[in-house]
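Subject: Structure for you to look at

Hello,

I am handing over the structure we spoke about. Please look through it first; my notes on what was found follow below.

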Amino acid sequence: MNREFLYTRPYTPGEIDDTPVDLDSWFLDDSREKMEEKLRGSSLSDVLIELIDIFQENEPNYQVLLGLFGDKIIKETREGKVLYGLEEIQRPDMNKIDIEIEDQTLHIEKMNIFVSAPSFLTVKDKIIGLYCHVRVEDREDSLSILIRDNIIVLYAVK
């Protein structure tokens, strides 16, 4: 599956995007749809594994990444940090997703995923057992996965 669409520059309102685009890819390449199906239909463990792979390859565009999980991206500022989240998540096992970005460069600093406690326990054991080449910090109600300069944090919601 071609993942190039994940690594485009984030769109900034008021700025002209002059990134070259192969128009044939709009009509012939269904990678985005396949990735969306995979992230919305796979087990939570498989989604986390896919996210780790995505972040290891390069830093994805936060707008594209959020769009793969649902609709209606919302922006908020909390404690001086810029967060983008989803109003409608298309996965029943995820309560909330938000991505913290650096406001000037639009680079992802942290991706927070909130899931039910039973889902969390299942995923936690699998991820800790599978990944020895990324740094994983295990706490009672959260699991932090450090990949290059990014962090994915899985939280258990009771």
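A residue is called buried here when its relative accessible area is under 20% and exposed when it is over 50%. Please keep in mind that this is a predicted model.

Overall layout

The protein has 5 helices and 7 strands. Read from the N terminus, the order of elements is α-α-α-α-β-β-β-β-α-β-β-β. Of the 158 residues in the protein, 42% are buried. Among contacts with a separation of 6 or more, 51% join residues 24 or more positions apart.

Which residues of α3 are buried? They are L44, S45, V47, L48, I49, E50, L51, I52, I54 and F55. That makes 10 of the 14 residues in α3, so the helix is mostly covered, the cut-off being under 20% relative accessible area. The length of α3 also agrees with expectation, because 14 residues at 1.5 Å a residue should span 20 Å and the end C-alpha atoms are 20 Å apart.

Helix α2 (residues 31–41) packs against α3 at an angle of about 135°, and the two axes are 8 Å apart. The two helices are therefore oblique to each other. In the contact, M35, K38 and L39 of α2 meet V47, E50 and I54 of α3. Sorted by class, this contact holds 4 nonpolar and 2 charged residues, with no polar ones.

The nonpolar core

The largest nonpolar core has 41 residues, and F69 and M111 touch the most other members. Helix α3 (residues 44–57) gives the largest share of this core, 8 residues.

Setting aside residues up to four places away in sequence, F69 touches L39, R40, V47, L51, L86, E88, I89, Q90, R91, M94, I97 and M111.

M111 is located in strand β4 (residues 108–116). Is M111 buried or exposed? Its relative accessible area is 0%, so M111 is buried. Beyond its neighbours within four places in sequence, M111 contacts L51, F55, L65, F69, I97, D98, I99, I151, I152 and V153. V153 is 42 residues away from M111 along the chain, yet their C-alpha atoms are separated by 6.2 Å.

A buried charged residue

E100 belongs to strand β3 (residues 94–101). Its relative accessibility is 10%, so E100 counts as buried.

Two loop residues with positive phi

Most residues other than glycine have a negative phi. E79 has a positive phi, near 55°, and is found in the loop between β1 (70–78) and β2 (81–89). With a relative accessibility of 76%, E79 counts as exposed. L106 also has a positive phi, near 65°, and sits in the loop between β3 and β4. The relative accessible area of L106 is 16%, so L106 is buried.

Regards

Methods: Residues numbered from 1 in each chain as written. Predicted model: local features only at pLDDT ≥ 70, side-chain atom pairs only at ≥ 80, totals over all residues. Heavy atoms only, no water. Core = buried A, V, L, I, M, F, W, Y, C linked by side-chain atoms within 4.5 Å. Buried < 20%, exposed > 50% of the residue type's maximum accessible area, 1.4 Å probe, protein only. Helix = DSSP H or I, 4+ residues; strand = E, 2+ residues; numbered from the N terminus. Contact = heavy atoms within 4.5 Å. Axes fitted to C-alpha atoms, helices over the stretch in contact; angles between N-to-C directions. Parallel < 35°, antiparallel > 145°, perpendicular 65-115°, else oblique. Nonpolar A, V, L, I, M, F, W, Y, C, P; charged D, E, K, R; others polar. Expected span 1.5 Å × (residues − 1).
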